[in-house]
Amino acid sequence: MSFPPLKNDLILRAARGEETERAPVWVMRQAGRYLPEFRAVRAEHGFFEICRTAELAKEITLQPIRRYTGLIDAAIIFSDILVVPQALGMEVQMNPGPHFPDPLVTPADIEKLTKNVDVDKELGYVYEAITQTRHALNGEVPLIGFCGAPWTLFSYMIEGGGTKTFQKCKSWLFLYPEESKALLNRIADVCIDFLVGQIKAGAQLVQVFDSWAGELAPHHFEEFSLPSLQRIASGVREKLAAANIPAVPMTLFPKGANSQLASLADKAGYDVIGIDWCIDPADARKAVGGKVALQGNLDPMLLYGGRDAIEREVKRMCERFRGGKAPKGWICNLGHGITPGVDPEDLRWFFECVHKYSAA
Ligand code: 1CP
């Protein structure tokens, strides 16, 4: 497939660990409810209808790129991590948070999942949205593809939605460890084909969201989440190589698993690791020892703190990531998704401060 030439490759260079003239910046959930233009489209269309309609997904993906032209360094395709459980045959509603009317209750329910999922057929609508968006971006910034991590998806498939305690899905790990591992691998295999398909369709970087990584004790993370994350990283690279398609950088966002950073940098197989705000960037640097680039990490609630606080905290973050040098191997972001009540002009100020304080 041929696409318009890329005019801004800052994020790709940072992801490869290179020095950059300033830190590239984007924010998780940048196409979302804090934007009035998003809410306007959303008022007319269902959530998954938007995901499944390339024209609408493209439009929403481009909204923050248009609004923050020149300030934002990547687009992320509008979709959701829960399209993978859908591809496995589960029903997912969005009202307003995710709801699975028929979650997995015991391992016997695994039988209800679709066997030998034809990922390209089930999720081809995401590929179509990616290809259209990549053309429409006209090379302004790279396009990010993504999927959820097996552990995070496993939790939704068993809990049936969001959870505070993770009681049901953690019970599975202890009551049915072997069945749990088999299911995690099965989810991982769908993620591999899904990411490869997104890259073939035009994604220039891919991110795996393990939003609930930090809910597991370190040794349980090692036992249950890490193997499926490694399987995805190596599986994607192998399939791309076999198809003669150049590799793209891979980011892992293991939210809350800050005690695992050294081990993840060593053995997970990703180019970039996303960190949340509960670790100091300088400590994160020390932990990963230059083996991977880092992404993050301001507390998303900072965007409610007013301009002075935003400027002060961005400046501090830049100092902690840069250590007085030119930024190297750092993609600036929040430590988790932007939330619906943020004033879009405060986000603009955040971007402006990043441009100012991260420059070499
Ligand atoms: O009705 C709406 O508009 C709902 C809001 C919304 C949006 C804007 C949901 C429901 N999903 C999304 C888009 C989305 N989700 C993107 C788009 C690209 C972007 O701009 O970043 C991405 C990357 C996601 C990924 C996602 N979905 C994650 C991982 C990232 C994270 O924030 O941890 C998770 C956990 C989900 C599940 C999900 N989907 C939607 C909601 C409200 C949730 C979380 C619910 C919960 O608390 O469990």
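Student: What makes helix 8 (residues 150-159) count as mostly covered?

Tutor: Bear in mind that this is a predicted model, with values computed from its atoms. A residue counts as buried when its relative accessible area is under 20%, and in helix 8 10 of the 10 residues are buried, so the helix is called mostly covered on that rule. Among these buried residues are Trp151, Phe154, Tyr156 and Glu159. Directly after helix 8 comes Gly160, whose phi is positive, near 85 degrees.

Student: Which residues does UniProt list for the domain "Uroporphyrinogen decarboxylase (URO-D)"?

Tutor: The UniProt record, an unreviewed entry, lists residues 24-33 and 144-160 under that name, and such annotations may be inferred rather than shown by experiment. In the model, residues 144-160 are 59% helix and 29% strand, with the end C-alpha atoms 27 Å apart, whereas residues 24-33 are 0% helix and 0% strand, with their end C-alpha atoms 23 Å apart.

Student: Why is the contact between Arg237 and Asp271 called a salt bridge?

Tutor: The rule asks for a side-chain nitrogen of Lys or Arg within 4 Å of a carboxyl oxygen of Asp or Glu; here the N to O distance is 3.4 Å, and the pair therefore meets the rule. Arg237 sits in helix 11 (residues 218-242), while Asp271 is in the loop between helix 12 (261-267) and strand 7 (272-274), so that the pair links distant parts of the chain, 34 residues apart.

Student: How do you know that Arg237 and Asp271 are partly exposed?

Tutor: Partly exposed covers the range between the buried limit of 20% and the exposed limit of 50%. Arg237 has 29% relative accessibility and Asp271 has 26%, so both are placed in that middle class.

Student: What is the distance between the closest N and O atoms of Arg316 and Asp280, and is Asp280 buried or exposed?

Tutor: The closest N and O atoms are 3.7 Å apart, and the pair is a salt bridge. Arg316 belongs to helix 14 (residues 307-322) and Asp280 to the loop between strand 7 and helix 13 (281-288), distant parts of the chain 36 residues apart. Asp280, at 17%, is buried because its value is under 20%, whereas Arg316, at 43%, counts as partly exposed.

Student: Why is the pair of Asp346 and Arg307 said to tie together separate parts of the chain?

Tutor: The two side chains meet in a salt bridge at 2.9 Å, N to O. Asp346 lies in helix 15 (residues 344-358) and Arg307 in helix 14, so the pair ties together parts that are 39 residues apart in sequence. Asp346 is buried at 14%, while Arg307 is partly exposed at 39%. By the distance rule the count comes to 27 salt bridges, and those that share partners join Glu37, Arg67, Glu345 and Arg348 into one network.

Student: What makes the lining of the largest cavity divide as four nonpolar, two polar and one charged?

Tutor: The lining consists of Pro4, Leu6, Arg134, Leu137, Gly139, Val141 and Gln204. Pro, Leu and Val count as nonpolar, Arg as charged, and Gly among the polar residues, which gives the division into four, two and one. About 40 Å³ of space lies in this cavity, and the structure holds one cavity of 30 Å³ or more.

Notes
Residues are numbered from 1 along each chain as its sequence is written. This is a predicted model: local features need pLDDT of at least 70, side-chain atom pairs count only at pLDDT 80 or more; totals for chains, interfaces and linings use all residues. Side-chain values use heavy atoms; hydrogens and water are left out. On a 1 Å grid over the protein atoms alone, a cavity is a set of points where a 1.4 Å probe fits but cannot get out, and a pocket is an open set with protein on both sides within 12 Å along at least five of seven lines; lining residues have an atom within 4 Å of a point. Grid points are joined across faces, edges and corners, and a volume is the space filled by probe spheres set on the points. Helices (H or I, at least four residues) and strands (E, at least two) are DSSP runs, numbered from the N terminus. Buried means under 20% relative accessible area, exposed over 50%, partly exposed in between (1.4 Å probe, protein chains only).
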